[in-house]
Amino acid sequence: MRPMLSRTVAVTAAVLTVVLGVQAGAQAAPTPGSPGIGDVYYPEYGNGGYDVGHYDIRLRYYPDTDRLTGTTTILATATQDLSAFNLDFALATQSVRVNNRAATFTRQGDHELVVTPARPISKGSQVTVVVQYDDIPSQVVASGFTSWNRTADGALAVNEPEIAWWWYPSNDHPTDKASFDVSVLVPDGVEVISNGTPTRWAQQALVGWDRWSWRQERPQATYLTFLAIGDFDTYRDTSADGSPIVTAYDTRLDATTAAAARASVERTDEIIDWAAGKFGPYAFTARGGVVTGINDQGFALETQTRPVYDGVSFTRGTNNSLVVHELAHQWFGDSVALGQWKDIWLNEGFASYAQWLWSEDQNEGTADEIADYVYSVAHPADDPFWQVLPGDPGPTRLFHSAVYDRGALTVHHLRKLVGDEAFFAILQAWTGTNRDGDGTTPEFQALAEKISGVDLDAFLATWLYTPGRPDLGVTTLSVP
Ligand code: ARG
Ligand code: ZN
C-alpha cells in the first residue's frame with residue numbers, strides 16, 4: 001500500500017508540474033507576430049499572430065493627380081499574445097490606432113508596417129486597427145516594382161500576387177480571407193467598380209463628388225479585392241438566384257471591340273451556371289465583369305465575383321474561353337484559395353482545363369483533341385516549355401505557360417487515369433470541402449486518392465515535378 005501511495009503522490013506532483021508549466025507559459029511576455037505567414041515562395045507575405053475577419057476601406061481618389069487618401073479599419077482576432085504585429089502596406093501612413101489608442105508604427109523594408117499597440121493584445125481577443133494614409137500610389141515602388149496602375153481615365157488596382165500594398169493595409173496572403181466593404185469618393189462622372197454588391201451607386205456626397213460603395217460578404221483573399229476607377233458604361237441585372245449582376249466596359253473601347261467584349265462578358269451568368277454544373281455550387285452572391293481599355297493592364301484577373309479583362313482580349317472578336325477561364329477561377333483560386341503560392345497550378349491548371357471542358361460542350365473540340373494538340377503540336381518534346389515544373393515553377397515564373405498548359409494536361413490525364421465518374425466527384429469534393437478556404441497539392445492528392453482508390457504518387461511526380469515531356473503510355477497507367 002505504502003509504495004502504491006508514494007507512487008500516486010509522485011504522479012500527482014508530476015501532473016502539477018505540467019499544469020504549472022502551462023500556466024507559466026500563458027503568463028509569458030507577449031511577443032511580436034511573425035512578419036510572414038509561412039509562404040515558401042514569399043516568406044514575408046502575410047503576417048503571423050492575428051486573423052482578419054473584415055476590412056472596411058474608405059477612400060477618396062483624385063484622378064487628375066492620382067492622389068489616394070483614406071482610412072482602412074481592420075477587425076481581427078489575435079491568435080497569440082501580441083506585443084506588436086505587422087501589416088503589409090506600402091503607402092505613406094499618417095496614423096495607426098489599435099483598440100482605441102494611438103499606436104506607434106515603423107516601416108520595415110518597403111511593404112511592411114510594424115505596429116506596436118499602446119497595450120499588449122491577448123490571445124483570442126478582438127482587435128480593431130485603424131490606419132490613415134495619403135499617397136500617390138502609382139509612384140510607390142515596393143519590392144522593386146509598382147502595381148497600382150494609373151490609366152487614361154482613372155486607375156486599376158488589379159494584380160497577382162501583389163496589389164493590396166498599394167491601396168490598403170492587410171494580412172496579404174490568400175490563407176487569411178475576410179469580408180470587405182470598399183467605399184470610394186470620386187469626382188462626379190467617374191465610375192468605381194469593385195467586388196460583390198453595390199450598396200451606394202454614384203451617390204452624391206459633395207458638390208462635384210460621388211460616393212461608390214461595394215460589399216463583399218463572402219470570405220475573399222486580399223489580392224482578389226480590386227478597384228477599377230474610370231469612365232465605364234455599366235449594365236445592371238439580377239441573376240435567377242437573386243444576386244446582382246454588374247458589368248462595366250471602358251468607354252474608350254472602339255465600337256467593334258466593345259461589342260465583342262459584351263458578346264462574351266454578358267454571358268457571365270450563363271457560364272457561371274454551366275461551371276456550377278461541373279464544379280459544384282457557386283460560392284458567391286454577386287456576378288459580373290469589368291473590361292478595361294485596350295492594353296490598360298495586359299492580362300485578365302479572376303477578381304472575386306467580377307473578373308477584370310483587358311480590352312485587348314476582344315480586339316479580334318469574342319473570347320468566351322477567357323471568360324470561362326476567369327469564371328472557373330471563382331471555384332479554383334477564389335473559393336478554394338492557394339495554401340501556398342507554389343501550388344499555383346491548382347489555380348491555373350484547373351481554370352485552363354475548364355476552357356477545354358467548355359470547348360467540348362460547345363462542340364469546338366473535345367478535351368482529348370485539345371490535349372493532343374497541346375502535347376504534340378503547341379509544345380513538341382524539345383520545347384523548353386517542358387523544363388518548367390507546374391508544381392514548382394519558382395516565384396518568378398508563377399504564370400509561365402507550363403503552369404497553365406502542362407497544369408491542364410495534368411488534370412486531363414488525371415481524368416483519364418481515374419475515369420469520368422471519379423474525376424468529377426474529385427472536383428466537386430475539392431470545391432465542397434475547401435469552399436471559402438484553401439488547399440495545397442498534397443491535400444488535393446490525398447482527396448483524389450481517397451475518392452478514386454488510385455495511388456497518384458508516380459503520376460503527380462511525373463506530371464508536376466519532373467522536367468521533360470512525360471511519356472503518355474507510362475504516366476497514365478494506374479499504379480496497382
Ligand atoms: N490569374 C491570372 C489569370 O488567370 C493571371 C494573372 C497574371 N498576372 C500578372 N501580373 N501578369 O489568368
Ligand atoms: Zn488563370
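Predicted model: local features only at pLDDT ≥ 70, side-chain atom pairs only at ≥ 80, totals over all residues.
**Ground rules.** I number residues from 1 along each chain as its sequence is written, with chains lettered from A and ligands numbered from 1 in the order in which they are written. Local features need pLDDT of at least 70 and side-chain atom pairs count only at pLDDT 80 or more, while totals for chains, interfaces and linings use all residues.

I looked up the UniProt record first: its unreviewed entry puts "domain: Peptidase M1 membrane alanine aminopeptidase" on residues 318-463. Such positions are given in the numbering used here, feature names are shortened, and annotations may be inferred rather than shown by experiment. Over 318-463 I find 61% helix and 4% strand, with the end C-alpha atoms 32 Å apart. Helices (H or I, at least four residues) and strands (E, at least two) are DSSP runs, numbered from the N terminus.

**Ligand 1.** Which residues surround ligand 1? I list Asn159, Glu160, Phe299, Ala300, Leu301, Glu302, His325, Ala351 and Phe399, where near means a C-beta atom, placed from the backbone, within 6 Å.

**Phe399.** I then followed Phe399, which sits in the loop between α6 (367-378) and α7 (401-418). Ile344 is 55 residues from Phe399 in sequence, yet their C-alpha atoms are 8.2 Å apart.

**Helix α4.** His325 from the ligand shell turned up again among the buried residues of α4 (320-328), along with Val323, Val324, Glu326, Leu327 and Ala328. Their cover includes α2 (255-265), α3 (268-279) and α5.

**Core.** The largest nonpolar core has 119 residues, and Ala157, Val184, Leu227, Ala228, Ala328 and Ala354 touch the most other members. Helix α5 (345-361) gives the most to this core, nine residues. A core here is a set of buried Ala, Val, Leu, Ile, Met, Phe, Trp, Tyr and Cys residues joined through C-beta atoms within 7 Å. Beyond its neighbours within four places in sequence, Val184 is in contact (C-beta atoms, placed from the backbone, within 7 Å) with Leu59, Tyr61, Val192, Trp212, Leu227 and Ile229.

**Sheet.** I traced an open, antiparallel sheet of four strands, in the order β9-β10-β15-β12. Strands β9 (149-150) and β12 (191-193) are the edges, each pairing on one side only; pairing takes at least two DSSP bridges. Three bridges join β10 (155-157) to β15 (227-230), and Ala157 stands opposite Leu227.

Notes: Buried ≥ 20, exposed ≤ 12 C-beta atoms within 10 Å, placed from the backbone. Contact = placed C-beta atoms within 7 Å.
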